[in-house]
Amino acid sequence: MAIEDYEGDMKMCCRCSACKYIPLQMIRHSKFSDVCPSIARYNFHAYSGGGKLLIGREMLAKGFEYTDRFLHIVFNCLLCGACDVSCKYAMDMEVLLPISELRMKCVENGNTHPTFEKVINLLRSKGKMVEGEGKRSEWAEGLNIKDVRREKVEVYYHAGCLSSYNKEYHHIPRTVAKMLKEAGVNFGIAYEGEICCGGRAHEMGYREDFFNQAMKNVEIVKRSGARVIVTSCAHCYHAFKVLYDRYGFKEFEVLHITELLEKLIKEGRIKIRNSLALNVTYHDPCYLGRLGEAWIHFKGKKLPGIKFVFDPPKTYRRGAHGVYNPPREVLRMIPGLKIYEMERKKEYAWCCGAGGGVSESNPDFALWTAERRLEEAMETGATVIVTACPWCEQMLKKAVASRGVDLQVWDVVEVVERTI
Ligand code: SF4
Ligand code: SF4
């Protein structure tokens with residue numbers, strides 16, 4: 001895969017700007033009509049999805065010039081995929097894939113972002129993408145979870161870097177582990193043997209580092225005997241489910257914890273015992289929602305000629321088949337809890353600001369993006385924003401703190417924990 005493979009897609013861009021907004025039919029209020037944080041913040045066409053395609057097309061034709069402005073445009077994209085979904089509402093062409101390849105091209109040619117370099121060095125030296133002292137498995141202390149390095153299991157639980165190294169998010173894997181135990185799931189973790197899934201390295205443009213992580217993770221899971229990987233992080237889910245499949249590493253079923261929870265509650269293996277009188281709104285993580293849609297292996301060929309047509313016709317990923325219902329179903333099964341949806345939801349959700357490594361490389365832009373989401377959440381009248389990814393939880397909590405508003409941010413598993 002390379003930017004050259006998407007020349008036809010980039011040439012298809014007609015500069016209609018539909019990638020800047022949710023589809024017209026979905027708009028209920030101009031305030032929440034835009035969908036691309038990059039163009040909304042920097043207000044110049046080059047920052048939009050279509051703008052990046054035009055740049056890629058021109059650079060392919062005339063040669064790549066890595067100016068500061070070009071790199072600013074490339075690295076200040078959340079790779080959230082909202083442009084891709086909006087464009088594909090009417091068009092048959094890839095948008096996010098060439099944008100991602102543009103970043104890969106910069107990195108491969110040594111035009112990296114200094115913050116990304118620092119994070120990737122951490123990955124190469126310590127197998128993690130998040131700063132923080134302490135043991136990776138500190139969150140699991142006292143829980144007596146099976147160690148997949150020594151015991152065979154049916155399910156491998158991967159906690160992920162943020163939940164492991166940031167104590168503020170230890171509650172997510174701890175709660176997951178307690179619930180899986182209660183449900184009698186034969187699961188285990190790799191303790192200090194767990195390593196980063198590689199997903200955020202891929203987002204940052206480091207494909208080779210992603211490959212290294214993927215190969216090592218496949219070995220960990222193979223040795224565990226597990227046929228299923230469960231994760232509570234949207235970025236890990238996207239990596240295991242979509243990227244591992246795309247690049248030929250996927251040999252296992254991949255479930256987000258909300259998918260497993262829905263099943264376990266419906267089977268009566270986890271019992272909701274208490275009601276919860278709570279008004280919540282649900283934030284769809286981009287990497288669980290529109291980007292969590294399964295990869296499609298297309299084997300057709302472009303027909304000769306100027307028309308951009310494939311034989312057989314190409315099936316596009318349009319974001320509609322992400323993990324949207326399991327978290328909502330879990331919340332709906334809690335007596336007393338009411339969900340008030342935001343205007344931009346499911347495949348049209350506004351990013352929390354953590355995507356594409358922007359939370360590390362440009363924290364101001366990431367926070368600005370999260371604050372826009374917070375404003376939308378507040379319009380619903382909910383008192384709790386529920387989400388299903390520690391990265392989203394972190395960004396939304398930062399927005400709450402910066403605005404000083406009285407709103408809680410919880411993970412779905414925390415909501416369930418309060419009822420069992
Ligand atoms: S990327 Fe798609 S939606 Fe955006 S300007 Fe180009 S054709 Fe229009
Ligand atoms: S991936 Fe997200 S931030 Fe980047 S251009 Fe598309 S909508 Fe904008």
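This is a predicted model: local features need pLDDT of at least 70, side-chain atom pairs count only at pLDDT 80 or more; totals for chains, interfaces and linings use all residues.
Q: OK, and how is the protein divided into domains?
A: The division gives domain 1, covering 1-111, and domain 2, covering 114-266, and their centres, taken over C-alpha atoms, are separated by 30 Å.

Q: How many residues of domain 1 are in contact with domain 2?
A: Eleven residues of domain 1 are in contact, and they meet eight residues of domain 2.

Q: What area do the two domains bury between them?
A: Domain 1 and domain 2 bury about 790 Å² between them, with 55% of that area on carbon and sulfur atoms. On the domain 1 side, Arg 103, Met 104 and Val 107 lose the most area to domain 2, and together they make up 52% of what that side buries.

Q: How many salt bridges does the rule find across that interface?
A: The rule finds three salt bridges across the interface of domain 1 and domain 2.

Q: Which side chain does Arg 207 meet in a salt bridge?
A: The side chain of Arg 207 meets that of Glu 101, with a distance of 2.8 Å from N to O.

Q: Switching to rings, how many aromatic pairs are there?
A: The count comes to 18 aromatic pairs. One of them joins Tyr 66 and Phe 70, whose ring centres are 5.9 Å apart with 45° between the planes, and this pair is classed as tilted.

Q: Are those two buried or exposed?
A: Tyr 66 has 23% relative accessibility and counts as partly exposed, whereas Phe 70, at 3% relative accessibility, counts as buried.

Q: And why is the pair of Phe 211 and Tyr 247 classed as it is?
A: The planes of Phe 211 and Tyr 247 stand at 80° and their centres are 5.1 Å apart, so the pair is edge-to-face; the angle cut-off for that class is over 60 degrees.

Q: Which charged ends sit over rings?
A: The charged end of Lys 105 sits over the ring of Phe 64, 4.9 Å from its centre, and the charged end of Arg 418 sits over the ring of Trp 410, 3.7 Å from its centre.

Q: New topic: where is Ser 361 found, and what does it touch?
A: Ser 361 is found in helix 15 (residues 358-361), and it is buried, with a relative accessible area of 14%. Leaving out residues up to four places away in sequence, Ser 361 touches Phe 75, His 113, Thr 115 and Phe 116.

Q: What about Val 119, which residues is it in contact with?
A: Val 119 lies in helix 7 (residues 114-126) and counts as buried at 9% relative accessibility. Setting aside neighbours within four places in sequence, Val 119 is in contact with Lys 128, Met 129, Met 204 and Glu 360. Its C-alpha atom is also separated by 7.3 Å from that of Val 130, which is eleven residues apart from Val 119 along the chain.

Q: On to the backbone: which residues does a cis peptide bond join?
A: A cis peptide bond joins Asp 311 and Pro 312, with omega at about -5°, and Pro 312 is placed in the loop between strand 8 (310-311) and helix 14 (325-332). As background, most peptide bonds are trans, and most residues other than glycine have a negative phi.

Q: Which residues other than glycine have a positive phi, then?
A: Ser 17 has a positive phi of about 75°, and Asn 144 has a positive phi near 55°; these are two that can be named here.

Q: Where are they, and are they buried or exposed?
A: Ser 17 has its place in the loop between helix 1 (7-12) and helix 2 (37-42), and it is buried, with a relative accessible area of 18%. Asn 144 is found in the loop between helix 7 and strand 1 (146-147), and at 68% relative accessibility Asn 144 counts as exposed.

Key. Residues are numbered from 1 along each chain as its sequence is written. Chains are lettered from A and ligands numbered from 1 in the order in which they are written. Side-chain values use heavy atoms; hydrogens and water are left out. Rings of Phe, Tyr and Trp (its six-membered ring) pair if their centres lie within 6.5 Å; planes under 30 degrees apart count as stacked, over 60 as edge-to-face and the rest as tilted. Buried means under 20% relative accessible area, exposed over 50%, partly exposed in between (1.4 Å probe, protein chains only). A charge sits over a ring if NZ of Lys or CZ of Arg is within 6 Å of the ring centre and within 35 degrees of the ring normal. Domain bounds come from an automatic or database domain assignment. Contact means heavy atoms within 4.5 Å. Buried area is the accessible area (1.4 Å probe) that two parts lose on being put together, summed over both. A salt bridge is a side-chain nitrogen of Lys or Arg within 4 Å of a carboxyl oxygen of Asp or Glu. Helices (H or I, at least four residues) and strands (E, at least two) are DSSP runs, numbered from the N terminus.
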